[in-house]
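Please keep the model open beside the text and look up each element as it is named.

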Amino acid sequence: MESTARLDHVVINVRQDMDAAERLCRSLGFTVTPRGYHTLGSINHLMMFETNYFELIGIPEDGATQRADLMAAAPGINGLVFKTSNVDDVFAQLVSLDMDGEPPHAFSRPVHLDGEDHHARFRTVTVRSDVFPAGRVYFCEHGTPELVWRPEWLVHDNDVLTIEEVVVVTEDVKGVAGSFARLLDGEVTMVRDGVRTVETADARLTFRRPAGYRAQYGDLASDMAGRSQIFGSIVFRTASLAPLASILSGLETPPPHATSAGSIVVRLPEYASVLEFLGPED
């Protein structure tokens, strides 16, 4: 059974290194939105696709923020976010699953469009942090989606179309996949020994053991660094791999990467993150 849940976005924590992270993403051919300033004190940039997006989140260089959680967390992929139309309903579900943490909260950020100032509004509710130690797993209710999904931000020089998959790395593949299936009202599919998946309505969560993850990505894989779980990679679908291959070949100092017939894998070493780009579906 495919879950009806939908992916909203995936987050990389860059802490106080937002300027360099923004430049890196632009250099990889992403269209990057203007910098956002949350009322919570964090800052961000987005890379928007038709139904989901990729977010860089950090804090100002002076460290003046209420987001102590971002400084406490290691740089890397630390946010997996699903859509909801009502975070209060999600919170009730989390309580029933014994996955609840703090109640929902609201925040906003200014958006300047067409000479006018607006406020993009959000409500979120987060799964309790000990449930998925890989990072923050939460649900986002968009109060003003028209300020987030803008046509001018949906086209990218690297031809990325969407986030198709997130790889979760853990020794407890069966247990963690089962917990995500309960959260998302889906089911677990065993692909092969040591690999399971949970399909949402528009993306896939793949669960792999550390040894299998290292075999898949080789030297580009992230180190577990003593952690029991990590978000191992963000997997994008592209209309063509040729633009990204050309972009990488033209960079004076490209990030570590590997190319195969059907994918390009890029490591962002400063942010302990792996991005995999897949070619068009057959």
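The points below go through the sheets, the helices, the cores and the cysteines in turn.

1. Basis of the note. This is a predicted model, in which local features need pLDDT of at least 70 and side-chain atom pairs count only at pLDDT 80 or more, while totals for chains, interfaces and linings use all residues. Residues are numbered from 1 along each chain as its sequence is written, and side-chain values use heavy atoms, with hydrogens and water left out.

2. One sheet. Helices (H or I, at least four residues) and strands (E, at least two) are DSSP runs numbered from the N terminus, and two strands pair if DSSP finds at least two bridges between them. E6 is joined to strand E7 (residues 116–126) by 9 bridges in the antiparallel sense, and Arg 109 stands opposite Ala 120 in E7.

3. Another sheet. A further open sheet of 8 strands, also with mixed pairing, has the order E10-E11-E12-E9-E13-E16-E15-E14. Its edge strands are strand E10 (188–192) and strand E14 (257–259), and its twist averages 20 degrees from one strand to the next. Within this sheet, strand E9 (residues 160–170) and strand E13 (residues 229–238) form an antiparallel pair over 9 bridges, where Glu 165 has Val 235 in E13 as its bridge partner.

4. Helix H1. Angles run from 0 to 180 degrees between N-to-C directions, with axes fitted to C-alpha atoms, for helices over the stretch in contact; contact means heavy atoms within 4.5 Å. Which residues of H1 are buried (under 20% relative accessible area, with exposed over 50% and partly exposed in between, using a 1.4 Å probe and protein chains only)? They are Met 18, Ala 21, Glu 22, Leu 24 and Cys 25. Because these residues cover an arc of only 160 degrees around the axis (taken from the directions from the helix axis to the C-beta atoms), they lie on the same side of H1. After H1 comes Gly 29, with a positive phi near 95 degrees.

5. Helix H4 and the cores. H4 lies across E9, E10, strand E11 (195–199), strand E12 (204–208) and E13, running at about 160 degrees to E12. A nonpolar core is a set of buried Ala, Val, Leu, Ile, Met, Phe, Trp, Tyr and Cys residues joined through side-chain atoms within 4.5 Å. The largest one has 59 residues, and those with the most contacts inside it are Ile 12, Phe 30, Phe 54, Phe 180, Leu 183 and Phe 236. H4 supplies the largest share of this core, 7 residues. Apart from this core lies another, of 20 residues, including Met 48, Val 81, Tyr 138 and Val 148.
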